Amino acid sequence: MAERLNAREILDKLVAFPTISRVSNLELIDWVEDYLASHGVRAHRVYNDDGTKANLYANVGPEVEGGVILSGHTDVVPIDGQAWDSDPFTVIEKNGRLYGRGTCDMKGFDALALAAVPLALERGIKRPLQIALSYDEEVGCVGAPRMIREMAGALPKAEAAIIGEPSMMKAVNGHKGGIGLETHVRGFEVHSSLMHTGVNAVMEASKLIDWANKVNADNMAREAGPIAAMFTPPWTTAHVGTITGGTAENITAKDCRFIMGFRAVPGESLKDWKARYLVKVAEVEAQMQAIHPEARIDVTERFTVPGLRPETDGMAETLARRLTGDNGDHVVSYGTEAGQFQDGGYSAVICGPGSIEQAHQPNEFISVKQFHAGWVFMERLVDYLTE
């Protein structure tokens with residue numbers, strides 16, 4: 001029997017699954033698959049390597065080309081160290097806001113997309129609504145590429161992919177690309193009183209981090225091109241957010257680990273930035289090995305997220321503007337799966353309810369007004385697909 005739930009009821013269900021990126025999302029995927037099946041829609045899973053997480057995609061309506069993909073991720077960021085006024089995994093409505101982890105980023109959009117499924121079937125859409133839910137977006141958009149490749153081969157080609165990251169229902173047609181390079185500096189331990197005979201991994205790592213500071217200063221000083229000027233900040237940034245290493249104050253550190261991240265404006269190559277970093281790594285490594293031959297630096301690419309390039313007369317942007325009435329020009333500096341859909345051959349745009357300022361915050365919320373605006377968008381999209 002079909003399970004008919006409204007968008008708010010679905011949101012309650014989705015938020016109740018604590019799908020923090022470090023744990024499995026399969027219970028949520030099970031529920032979504034059962035929900036879709038109750039409406040006669042067959043879902044498909046694309047698992048990660050160890051089978052603990054899965055993407056899910058489905059074709060709703062006729063199997064013809066020209067449909068629209070609604071793309072969202074199922075994982076949320078941790079609540080560790082955050083002071084919440086309520087249970088993060090229970091939706092609480094208060095003062096016109098819906099509080100809960102993921103209500104804004106981005107289970108609110110997921111709930112709206114799933115609520116649109118029975119509406120689309122009832123109204124007899126002539127082109128399909130395609131649902132795409134990913135895992136591990138919050139740790140580098142690592143899940144979606146597998147799903148996108150499989151969708152491209154298994155489903156009728158959609159004319160547009162709408163990625164529902166929180167954009168206040170504005171059509172965002174560009175975002176920066178990103179790459180994360182896990183860096184392991186391996187030193188040589190000696191007593192710190194004889195530090196000149198050892199290799200301190202922490203202090204050698206600081207040379208790479210200081211290089212990142214110089215890169216940022218140089219990029220900031222350059223005149224921005226027309227595309228870069230659309231972004232805030234209008235340059236490629238290098239960043240290290242966490243660092244670990246060392247054993248004790250009186251021992252030269254044997255190990256130091258951090259991730260060097262780059263957020264590149266569209267038009268600049270992530271491969272080129274990686275190559276530039278590796279040149280600096282080789283320089284520092286040579287200095288280390290001149291002291292002790294066993295010292296080295298290992299670099300592993302953790303993730304890469306292509307930027308979203310503004311499209312000339314792009315179908316996705318045109319559709320989003322038609323459905324929202326938004327005619328402004330909007331780009332964002334954070335990465336999303338939109339660039340991956342675009343690289344997969346789809347016209348892509350970001351358009352979803354809520355403000356990115358609320359994402360990842362304690363007491364995360366989406367306003368009831370924005371949630372309602374998201375539902376109006378879904379109704380208009382269904383109408384469009386019936387034309």
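## Charges over rings

In this predicted model, the charged end of K157 is placed over the ring of Y346, at 5.2 Å from its centre.

## Aromatic pairs

The aromatic pairs come to seven. In one of them, W31 and Y35, the ring centres are 5.5 Å apart and the planes meet at 15 degrees, so the pair is stacked. These two residues are separated by about one helical turn, because they stand four residues apart in helix 2 (residues 26–38). W31 counts as buried at 13% relative accessibility, and Y35 is also buried, with a relative accessible area of 0%.

The rings of F262 and Y277 have centres 6.2 Å apart and planes at 65 degrees, so this pair is edge-to-face. Because F262 lies in strand 11 (residues 255–264) and Y277 in helix 6 (residues 270–291), the pair ties together parts that are 15 residues apart in sequence. F262 is buried, with a relative accessible area of 1%, and Y277 is buried at 0%. Together with W211 and W273, F262 and Y277 form one aromatic cluster.

## A buried arginine

R321 is part of helix 7 (residues 315–324), and its relative accessibility of 14% makes it count as buried. Apart from neighbours within four places in sequence, R321 is in contact with A171, N173, D326, N327, G328 and D329.

## A nonpolar surface patch

On the surface, M195, V202 and M203 form a nonpolar patch whose accessible area together is about 250 Å². M203 belongs to helix 5 (residues 201–221) and, at 44% relative accessibility, counts as partly exposed.

Technical notes: Residues are numbered from 1 along each chain as its sequence is written. This is a predicted model: local features need pLDDT of at least 70, side-chain atom pairs count only at pLDDT 80 or more; totals for chains, interfaces and linings use all residues. Side-chain values use heavy atoms; hydrogens and water are left out. Buried means under 20% relative accessible area, exposed over 50%, partly exposed in between (1.4 Å probe, protein chains only). Contact means heavy atoms within 4.5 Å. Patches are made of residues with over 30% relative accessible area and no salt bridge: like charges are joined within 9 Å, nonpolar side chains (Val, Leu, Ile, Met, Phe, Trp, Tyr) within 5 Å. Accessible areas come from the Shrake-Rupley method with a 1.4 Å probe; for residues, only the protein chains shown count as cover. A salt bridge is a side-chain nitrogen of Lys or Arg within 4 Å of a carboxyl oxygen of Asp or Glu. Rings of Phe, Tyr and Trp (its six-membered ring) pair if their centres lie within 6.5 Å; planes under 30 degrees apart count as stacked, over 60 as edge-to-face and the rest as tilted. A charge sits over a ring if NZ of Lys or CZ of Arg is within 6 Å of the ring centre and within 35 degrees of the ring normal.
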